[in-house]
Amino acid sequence: MDKPPDALSVAYLNVAFGARRVLQDVSFSLAPGAFCGLIGSNGSGKTTLLRTILGLETPQGGDIRIDGVRHTGRSASIGYVPQKLNIDPDMPIRACDLVELGLTGHRLGLPWPSKARRALVEEMLAAVDATGFAGQRLGSLSGGQLQRVMIAHALIRRPRLLLLDEPLASLDIAAIAGVVAVLRRIATEYGITVLVSAHDMNPLLAAMDRIVYLAHGRAVSGMTGDVVRTEVLSALYGYHIDVIRVHGRVLVIAAGAADELPAVLETHPVHVSAIP
Amino acid sequence: MFAAAGFFSSAPVQTALVIAGGAAVVSGAVGVFTIIRGSTFAGHALADVSSAGGAAAFLFGLSPLLGFLGMAAVAAGAMGMAGERRAAERDLLTGIVLGAGLGVTALFLYFDVTSRSTTGAAISVMFGSMFAIPPGMAPLAVSIGAAALVVIGLIYRPLLLSSLDPGLARVRGVPVRLVGGLYLLVLAFAVTLSAMTIGAILSTALLIGPAAAALRLSRRPDFAILLAMAIGIFACFCGIWLAYDSYDWTPGHGWPVSFFIVTIIFVIYLLSGLAR
């Protein structure tokens with residue numbers, strides 16, 4: 001039986017803003033239903049990569065394929081959750097309104113009531129455990145609640161690929177755990193490929209199958225177990241990184257000074273390479 | 001009930017009710033979006049700049065409605081060409097255009113006053129003179145109001161989504177710049193009708209006041225629009241009645257309609273804060 005095409009395939013992608021090269025020959029691929037962390041420090045090109053996949057930036061070279069089909073512009077098969085949504089608490093927009101706009105926000109005309117549409121909105125809110133605050137104003141929601149609503153907004157058109165730009169930034173520990181669990185469930189139960197950008201990989205470690213690490217415009221990708229190793233991460237970060245296990249869980253922490261790096265690389269040569 | 005007999009049979013009152021009602025309905029719809037988009041200052045500036053057209057119309061003996069509309073459309077076009085900018089930069093540009101527009105208004109009003117030896121034009125342009133509106137202007141005003149409502153109805157959902165987050169709307173396939181341009185056009189229609197009703201300077205009160213109160217009291221944007229329309233109609237009709245009645249309070253001259261309308265709106269806004 002033929003192997004299904006990758007849900008997302010990025011090959012030799014190059015993006016530059018003027019003379020500044022932001023992404024250089026970035027290549028990776030994600031299978032359907034994969035949960036992948038896009039990890040990198042601030043300014044490493046994570047948002048640019050997501051925007052290019054979304055069709056909001058034009059690459060100077062390279063190829064992006066969704067389900068094996070070359071992707072050149074915007075597509076309903078990609079759902080997107082932006083880094084933040086600045087909502088005035090006084091705005092009368094309820095959580096269910098925002099989710100519905102994910103389905104109908106691009107359509108002309110007034111939103112006449114529809115039972116089918118309302119049922120779909122309720123299903124999406126239930127999928128992200130947001131039914132309890134569906135009728136609340138967006139401005140009154142906590143960061144974690146708002147992220148769930150944003151995920152439902154992105155999911156309602158049943159995309160094949162869900163991109164999230166730093167969804168865990170500025171959330172507390174409990175909210176982070178809740179959002180990650182929802183994303184993991186979406187990947188598993190709906191078969192939607194999830195690509196989550198973050199500068200801290202720890203919250204995602206227990207959930208993600210793959211990692212794409214971005215540094216200086218270049219990408220390294222691999223299975224989580226292959227990349228999350230002391231020698232690999234130390235080489236990628238340019239800083240001594242410890243990968244430790246506590247109560248069966250993996251934690252990544254910065255452990256040493258930068259000048260310790262050569263010694264680390266000497267004793268732990270890096271084998272993970274850029275994987276097309 | 002009415003101390004002033006013949007209220008509804010008076011031709012100037014009938015014209016005032018039609019134009020003020022139209023202005024209230026259009027301002028209610030556009031005002032809610034103006035606040036959600038954070039464009040209150042732009043709305044105020046557009047109204048003030050339109051006064052140059054009103055003043056020019058008085059000077060050259062043209063229809064004030066067309067004068068206000070022409071200048072408001074030009075200013076809206078200029079704002080649309082400025083595109084998306086940071087709030088501070090946008091406000092700076094708006095402030096500079098506002099100053100230049102009011103300078104032109106001052107010039108035309110000066111010529112109005114010196115060439116006709118009357119201050120009537122200045123009062124009419126800046127503060128309105130609803131009972132002096134020719135009945136023949138009502139059909140044109142109704143047409144402008146109807147056109148504005150049709151456009152708002154057509155772009156309601158894309159406009160709402162792009163007002164909440166332009167980036168998110170773009171990803172959903174909304175032509176954000178086109179929608180923003182159409183919004184500015186209906187904003188020009190709204191300030192034109194408001195300027196005819198309570199004058200260019202005070203038209204912001206009709207554009208923003210009812211919408212701000214409605215946003216406080218509603219949990220849904222569509223309800224907020226309907227409520228803003230109702231508040232605007234109530235304020236305008238009560239204002240017209242009080243102004244008509246005021247001819248009996250101070251024999252020889254009545255009180256200005258615009259004073260009553262903006263005062264009623266102000267009181268409703270204060271009360272909406274208590275009712276929340």
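These legends describe close-up views of a predicted model.

**View 1. Chain A as a whole.**
Chain A contains eight helices and twelve strands. Its C-alpha trace spans about 65 × 45 × 40 Å along the principal axes. A compact globule of 276 residues would have a radius of gyration near 19 Å, and the 20 Å of chain A agrees with this. Of the 276 residues in chain A, 42% are buried. Among the contacts in chain A with a separation of 6 or more, 68% are between residues 24 or more positions apart.

Strand E3 of chain A covers residues 35-39. The strand is mostly covered, and five of its five residues are buried. The side chains can be followed in two sets. A:Phe35, A:Gly37 and A:Ile39 point one way from E3(A). A:Cys36 and A:Leu38 point the other way. The residues of both sets are buried.

**View 2. The strands paired with E3 of chain A.**
E3(A) pairs with strand E8 of chain A, which is made of residues 193-198. This pairing is parallel and runs over five bridges. Within E8(A), A:Val196 is the bridge partner of A:Gly37. E3(A) also pairs with strand E9 of chain A, residues 210-215. Here too the sense is parallel, with four bridges. A:Cys36 has A:Arg210 as its bridge partner in E9(A).

**View 3. Helix H9 of chain B.**
Helix H9 of chain B runs over residues 203-217 and has 15 residues. From its first C-alpha to its last, the helix reaches 22 Å. That is close to the 21 Å expected at 1.5 Å a residue. Of the 15 residues in H9(B), 13 are buried, so the helix is largely enclosed by the rest of the structure. A residue counts as buried here if 20 or more other C-beta atoms lie within 10 Å of its own.

**View 4. Where chain A touches chain B.**
In this view, 22 residues of chain A are in contact with 26 residues of chain B. On the side of chain A that touches chain B, helix H2 of chain A (residues 95-104) gives the most, with three residues. The residues on this side of chain A divide into twelve nonpolar, four polar and six charged.

Conventions: Residues numbered from 1 in each chain as written. Chains lettered and ligands numbered in written order. Predicted model: local features only at pLDDT ≥ 70, side-chain atom pairs only at ≥ 80, totals over all residues. Buried ≥ 20, exposed ≤ 12 C-beta atoms within 10 Å, placed from the backbone. Helix = DSSP H or I, 4+ residues; strand = E, 2+ residues; numbered from the N terminus. Pairing = 2+ DSSP bridges. Rg over C-alpha atoms; globule rule 2.2 N^0.38 Å. Contact = placed C-beta atoms within 7 Å. Expected span 1.5 Å × (residues − 1). Nonpolar A, V, L, I, M, F, W, Y, C, P; charged D, E, K, R; others polar.
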